[in-house]
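Here's a quick tour for anyone meeting this structure for the first time. Take a look, then read on.

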Amino acid sequence: MEKIKIAIGADHAGFDYKQILIPYLQGKEEISEVKDFGTHSKDSVDYPDFAHPVASAVENGEFDLGILICGSANGVAITANKHQGIRAAICWEKQLAVLAKSHNNANILCIPERFISQETAMEIVDAFLETPFEGGRHANRVGKIACSC
């Protein structure tokens, strides 16, 4: 199995879970690299300053998948989805991560730290990493996501 590279970032409201998830991800055999795009403290920051670099790293192929964390996950998801090749999904339970990957081929997982436990966050990450894209009828739909306006 080819190892994957993960880009991760958070604002101040997602800092604690980012700090927990980085060593958790580094301990997984299927992951070759985890790059922390910040923030590096709990000081108040602007989420786009971290969401854009993670999204760019996934969009340009430097990293296979991304994980973004903020209080609600809305800000980072909205920001990441401005990038043409990104399919960022907000997931607050395991089954949403499964569907985001299997049906939507999501390439960035967005976690709402203020609304889930650390254990749930890890379960969501595991589901996101382990679930393959089903393709088939879903591939046609995913192919229509990019705006050609």
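**C70 and its surroundings**

Leaving aside neighbours within four places in sequence, C70 is in contact (heavy atoms within 4.5 Å) with D11, A13, G14, G75, V76, I111, P112 and E113. Bear in mind that this is a predicted model, where local features need pLDDT of at least 70, side-chain atom pairs count only at pLDDT 80 or more, and totals for chains, interfaces and linings use all residues. Residues are numbered from 1 along each chain as its sequence is written, and side-chain values use heavy atoms, with hydrogens and water left out.

**Where C70 sits**
- You'll find C70 in strand β3 (residues 65–70); strands (E, at least two residues) and helices (H or I, at least four) are DSSP runs, numbered from the N terminus.
- C70 counts as buried because its relative accessibility is 4% (buried is under 20% relative accessible area, exposed over 50%, partly exposed in between, with a 1.4 Å probe and protein chains only).

**Cysteines**
- The disulfide count is 0, a disulfide being a pair of cysteine sulfur atoms within 2.5 Å.
- The sulfur of C110 has its closest cysteine sulfur in C70, but at 7.6 Å that is too far for a bond.
- C110 is buried too, at 0% relative accessibility.

**The UniProt record**
- An unreviewed UniProt entry lists C70 and H103 under "active site"; such annotations may be inferred rather than shown by experiment.
- The two span 34 residues in sequence and their C-alpha atoms are 23.9 Å apart, so they don't gather at one spot.
- H103 is in the loop between α4 (94–102) and β5 (108–112), and is partly exposed at 26%.
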